[in-house]
Amino acid sequence: MHAYESDYREPLIGPSVKSYTQITDELVRPTEGVPPLSWWILFSIMGMGTLFFLFCLGWTIWFGIGTWGLNKTVNWAWDITNFVWWIGIGHAGTLISAILLLFRQRFRTGINRAAEAMTIFAVICAGVFPLLHTGRQWLDFFIFPYPNTRGPLWVNFNSPLLWDVFAISTYFTVSLLFWYSGLMPDFATIRDRSKSKTRKFIYNIASFGWQGTAKQWQRFESLSLVLAGLATPLVLSVHTIVSFDFATSVIPGWHTTIFPPYFVAGAIFSGFAMVETLMLIVRKLFKLEDYITVNHIESMNKIIVLTGSIVGIAYITELFIAWYSGYLYEQHAFYNRALGKYWWAYAIMMSCNVITPQAYWFKKVRRNLLVTFVLSIFVNIGMWFERFVIIVTSLADDFLPSSWAYFSPTWVDIGIYVGSMCLFMTLFLLFARTFPVIAIAEVKSIFRTSSAVAKAERAKEAGSSSGGYVGSYQVGILDKDAKN
Amino acid sequence: MTEKFQFDSKLKKNLFIAMGLGLVGLVLAFVLYPHNSHSRFWTNILVNSYYFTGIGIFGLFFVAAHQLGYGGWIVLVRRVIMSMSGFVFVGAPLLLLIALLTWGNVHNIYDHWLHVIKHPESLPESMTTKAVFFNLTFWTARIAVYAILWMLFARIITKYFGNITDKRSYKISKLIAAMWIVVFAVSESFVSWDMIMSIDPHWYSTLFGWYNFASYGCGALSFAILLTIYLKSKGYLAQVNENHIHDLGVFLFGFSIFWTYLWFSQYMLQWYANIPEDTMYWVKRAGTGFHTSMFVSLAINFVLPLLVIIKRGAKRNFKTISFVSVMIIIGHHIDFCNMVMYEPNVISTGHGEHGHHALNSNEATALYAENTEAVKEPAAATEHAATDAVTAKPEVKAAESAHVEAHGHEHGSTAKSYAGFGLVEILIFIGFTGVFLYMFFNELSKHPLVNEQDPYFKESQRHHI
């Protein structure tokens, strides 16, 4: 028996989807046959970018960190900015899988698979930066605390940077497990449809020989719940510990107690923005308008306006407390942030993160796809600048005015950053081509309650004047269908 | 069917007994602790008014958030949750009263900044911004604005959210919810700075407002669970079942963990950086016998929910969840006592900046004026160094720490605090609980318990997890 759903809830599966078979057909199709030309064009551009990324990594390893724009006060700049930015983006996936699952938000089914994949790829991109900035990458295995012959050279458990290693590797592992276990039934669906033997063989291995028996489903559901329970604290812990990298210090502008919750809110904010950017492209590319509906986009926009406002309150709280504290250096750090030589970065951050998302208070804007696309990119830009502002402006003016410096990136800095985006997109395009981008089994699970057709049938049974929010519209679908 | 709650005389009598106990507690506090202009009496009023008002406005926030987030399950218990705002009509005026009494030096809760405001000539450099923020008129006006907004929205939401029947009223309810969330977010942060953090104006923490928000949440959800179970035991709300309690329990668990997260973030970051301006807050509390109540509050507010209500069965067992709820309500009361009680109740035999707690602000000012001569040398040197020589930051830091350390011993060896958690706190807390419940039941009895016309009513009725 399916759960009851109020008429006031908008459908989550579009009006043209009529049956389970149709769902399977439409969602598996992108993995079968030749992808559209637009996919090839995007893939080649991103692939070349990835090669350039590898080239820049090689350059850095060969010539050293000196090829970056670091200077005597700004000894941490784009590397850590990019790291925090990517980790932040990697937050929405597990948030959507785990927390929205615990909150029983049905709109997650349309977007969770792609968001989880995005998490994995973003964490991979993020991981590159700390490993790279150690300077001697061949000694990176020193980060693992194991009995060794190096004598006193042992990891520093007092350092939040080490906590990062643990937090991020745990997060990555659990996210990967979560993502993969969800994929198993869908791989089996692809296997069962495929004509070629090789394809059948590969997808069978990928699905761990999934048969879809009652026992398997039962265990599958227990596993999802356990992983959701584990992943939820992890979503919080990862960015909390990233914020500790800064907040445990005594640098004015970094040492502030609001950092942990505010970093987490910012991460969810940027993660959702990136999900939107990607989903709007995927939706168009693979014609998935009935599965990623305007309703989904609107729900995500609501989360964006919420988290954007939380971030805004945090910015203002920081400014206020810096003023209130009466502590000269804290005041200088924030004055310098907003009106100093990096004022332009601060202005971009404020306008992209706090001001433009406020447009989402209006329903019309929330449902406008073009505006959503543009604003989601604004948020991505704004959140990058947030980290840049926090990191670089606080370091640039240190305690000795004679050493104050201004940071300018070199082509290697830019190459690694832009290249990491290309790597991310390449991985995502490959994923979209070979994996079902929408969780087939999960979408099916809400078909009887939340699809437009099911709602229309219920409204018809009750009589179209049931007073529902979209009642008359629903029955309209059936009439149109009858005419055809 | 429009089921209504009957506020019978037996229940009223019991609540009046609780209020009577509270009155005894207030009298005892006034008589037994005359120190610092009866500060024990006044701090108790502040703690309880603040805590229960927070619970009331959190109830409004909770229903508003569900309205915006399509939370359909809440319809059956919505009236219970939003009726907790009945206390706002007592609590908000009490907070305003505390603010107004500051004008006449009736109590000493805010003396630490008050004398500075009144005598700007004796102003230490680090307090200049506070002189603007704590301008007495501006400060009182802010509190009046919060009080008025809270009462206004309590009226609007309790009246409106029970009458959602069609598309139009549904849309308007969303508009009200959105407006309230913004008002709540801003006023809640500000009131925590204005009324609690400002008690020690040297100390600041950016997440303090959110920390207070999490505390309200734990208290409010506990009361929501207890009151729903109570009403069920009296034969009301027949359709509410363990699924609804389970959901409230999930939120209680979540908020308890959130509270702990913020507690830890605040404590750990200040402990780790070890800046005297930050750590003195903890030194004062942990070093003066408050460490017991700090750990008790952590045990009740974190360890207990973590171990007991993480399980599905425990959240669906009315006895277990009621026990945990009662404990958490007490636990957060203790936590607010930790935040508020120390400063106003301390009597220092030392001198200097921190010496005036013991006195009302006139006396304090006089003493301050005398003592500033004595301490001016190091203090002035520090402040001038801070303004003049930006380059000399490390030295300034050292000088500042030395300054704080020099005065720090007052809190340890020579300061005596009359703060504590004893009989009077328990009695006054019982009394305020009585008032809170009276206002709750009074509000509850005015409207039907459940709005069956609500578009999500059937979802709530068939709610199953």
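## Arg193(A) and its partner

Arg193(A) is partly exposed, at 26% relative accessibility. Buried means under 20% relative accessible area, exposed over 50%, and partly exposed in between (1.4 Å probe, protein chains only). The side chain of Arg193(A) meets that of Asp25(A) in a salt bridge, N to O 2.5 Å. This pair links distant parts of the chain: Asp25(A) sits in helix H1 of chain A and Arg193(A) in helix H6 (residues 160–193) of chain A, 168 residues apart. Asp25(A) is also partly exposed, at 27%. A salt bridge here is a side-chain nitrogen of Lys or Arg within 4 Å of a carboxyl oxygen of Asp or Glu. Helices (H or I, at least four residues) and strands (E, at least two) are DSSP runs, numbered from the N terminus.

## Basis of the model

This is a predicted model: local features need pLDDT of at least 70, side-chain atom pairs count only at pLDDT 80 or more, and totals for chains, interfaces and linings use all residues. Residues are numbered from 1 along each chain as its sequence is written, chains are lettered from A and ligands numbered from 1 in the order in which they are written, and side-chain values use heavy atoms, with hydrogens and water left out.

## Other salt bridges

Over all chains, the search finds 23 salt bridges. One of them joins Glu10(A) to Arg367(A), with the closest N and O atoms 2.9 Å apart. Glu10(A) lies in the segment before helix H1 (20–28) of chain A, and Arg367(A) in the loop between helix H13 (363–366) and helix H14 (369–396) of chain A, so the pair ties together parts 357 residues apart in sequence. Glu10(A) is partly exposed at 26%. Arg367(A) is partly exposed at 27%.

In chain B, Lys446(B) pairs with Glu443(B), the closest N and O atoms being 3.7 Å apart. Lys446(B) is partly exposed at 41%. Glu443(B) is buried at 5%.

Helix H5 (residues 108–133) of chain A has 26 residues, which at 1.5 Å a residue should span 38 Å; its end C-alpha atoms are 36 Å apart, in agreement. The expected span is 1.5 Å times one less than the number of residues. Of the 26 residues of H5(A), 21 are buried. Gly135(A) follows H5(A) and has a positive phi, near 95 degrees.

His296(A) lies in helix H10 (residues 294–325) of chain A. His296(A) is buried, at 1% relative accessibility. Beyond its neighbours within four places in sequence, His296(A) is in contact (heavy atoms within 4.5 Å) with Leu12(A), Phe107(A), Gly110(A) and Tyr291(A).

## Chain B and Cys337

Chain B has 19 helices and two strands. Buried residues make up 60% of its 465 residues.

Cys337(B) lies in helix H14 (residues 318–340) of chain B. Cys337(B) is buried, with a relative accessible area of 2%. Outside four places in sequence, Cys337(B) is in contact with Val47(B), Phe290(B) and Phe421(B). The C-alpha atoms of Cys337(B) and Val47(B) are separated by 6.4 Å, although the two are 290 residues apart along the chain.

## The interface between the chains

In chain B, 59 residues are in contact with 48 residues of chain A. The rule finds two salt bridges across this interface. Asp247(B) and Arg104(A) meet in a salt bridge at 2.6 Å, N to O.
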